Amino acid sequence: MTPEDVREAQHDIAEVLVAYATGIDRRDWQRFRSCFTADVIADYGDVGSWQGVDAITDFMTQVHAGMGHTLHRLSNIAIEVADDGATAFARSYVDNENLVPDGATGIHTTGFYDDELVKTVAGWKISQRRFTLVRSARIN
């Protein structure tokens, strides 16, 4: 891969990661689904584990249904594209606030995602994800 190919892949992968966060925050479940392969394996530790895009989308839809605003902010996105140009690994930090509808209370979590991505005819997709929780605190 040329350096330009690597930069393009990194850009496209970063857009997938942001689309994931945006999909949740806007409750745009089609956008959310578009970030994953059909057979994705997602391990969110104590929160749960899911196999398949339907399973993780169903969970996220249900858990966010009664919430107010949510803010999933990603940073420190580090992406390594494999020499084959068809697989990549990414780590991104997440700083998240999930608020109840009144906006006064909720939960603040920080952690990171370790993702394996594959290049498909529809673009880059997350094929495996592991979320590691670093801190969780109530917002009063």
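Here's a quick briefing on the salt bridges, strand pairing, helices and nonpolar core of this structure. Keep in mind that this is a predicted model. A search of the whole structure turns up 8 salt bridges, and the largest nonpolar core has 29 residues. Helix 1 gives the most to that core, with 8 residues.

**Salt bridges**

- R130 and D43 form another salt bridge, with an N to O distance of 3.9 Å. This one links distant parts of the chain, since R130 is in strand 6 (residues 123-139) and D43 is in strand 1 (residues 36-43), 87 residues apart. R130 has a relative accessibility of 49%, so it counts as partly exposed. D43 is partly exposed too, with a relative accessible area of 24%.
- D114 and R91 meet in a salt bridge at 2.7 Å, N to O. D114 belongs to strand 5 (residues 106-120) and R91 to strand 4 (residues 87-99), so the pair ties together parts that are 23 residues apart in sequence. D114 is partly exposed at 26% relative accessible area, and R91 is partly exposed at 35%.
- There's also a salt-bridge network, which links R73, D95 and E97.

**Strands 3 and 4**

- Strand 3 (residues 70-81) and strand 4 run antiparallel, joined by 10 bridges. As one example, L74 has V94 in strand 4 as its bridge partner.
- The two strands make a hairpin with 5 residues between them, and G85 in the turn has a positive phi of about 70°.

**Helix 1**

- Does the length of helix 1 agree or disagree with what its residue count predicts? At 1.5 Å a residue, its 23 residues should span 33 Å, and the end C-alpha atoms are 33 Å apart, so the two agree.
- Buried residues in helix 1 include A9, I13, V16, L17 and Y20. The list also takes in A19, A21, T22, G23 and I24.
- Just after the helix, R27 adopts a positive phi of about 55°.

**The nonpolar core**

- Which residues have the most contacts inside the largest nonpolar core? They are I13, Y20, F32, F36, Y44, I56 and M60.
- Elements giving two or more residues to this core are helix 1, helix 2 (29-33), strand 1, helix 3 (53-64), strand 3, strand 4, strand 5 and strand 6.
- Setting aside neighbours within four places in sequence, Y20 touches F32, C35, F36, Y44, M60, Y113 and R129.

**Helix 3**

- Helix 3 has 12 residues and reaches 16 Å from first C-alpha to last, close to the 16 Å expected at 1.5 Å a residue.
- V53, I56, T57, M60 and H64 are its buried residues. They cover an arc of only 100° around the axis, which means they're on the same side of helix 3.
- The buried residues of helix 3 pack against helix 1, helix 2, strand 1, strand 2 (49-51), strand 3 and strand 4.

Methods:
Residues are numbered from 1 along each chain as its sequence is written. This is a predicted model: local features need pLDDT of at least 70, side-chain atom pairs count only at pLDDT 80 or more; totals for chains, interfaces and linings use all residues. Side-chain values use heavy atoms; hydrogens and water are left out. A salt bridge is a side-chain nitrogen of Lys or Arg within 4 Å of a carboxyl oxygen of Asp or Glu. Helices (H or I, at least four residues) and strands (E, at least two) are DSSP runs, numbered from the N terminus. Buried means under 20% relative accessible area, exposed over 50%, partly exposed in between (1.4 Å probe, protein chains only). Two strands pair if DSSP finds at least two bridges between them. The expected span of a helix is 1.5 Å times one less than its number of residues. A nonpolar core is a set of buried Ala, Val, Leu, Ile, Met, Phe, Trp, Tyr and Cys residues joined through side-chain atoms within 4.5 Å. Contact means heavy atoms within 4.5 Å. The arc is that of the directions from the helix axis to the C-beta atoms.
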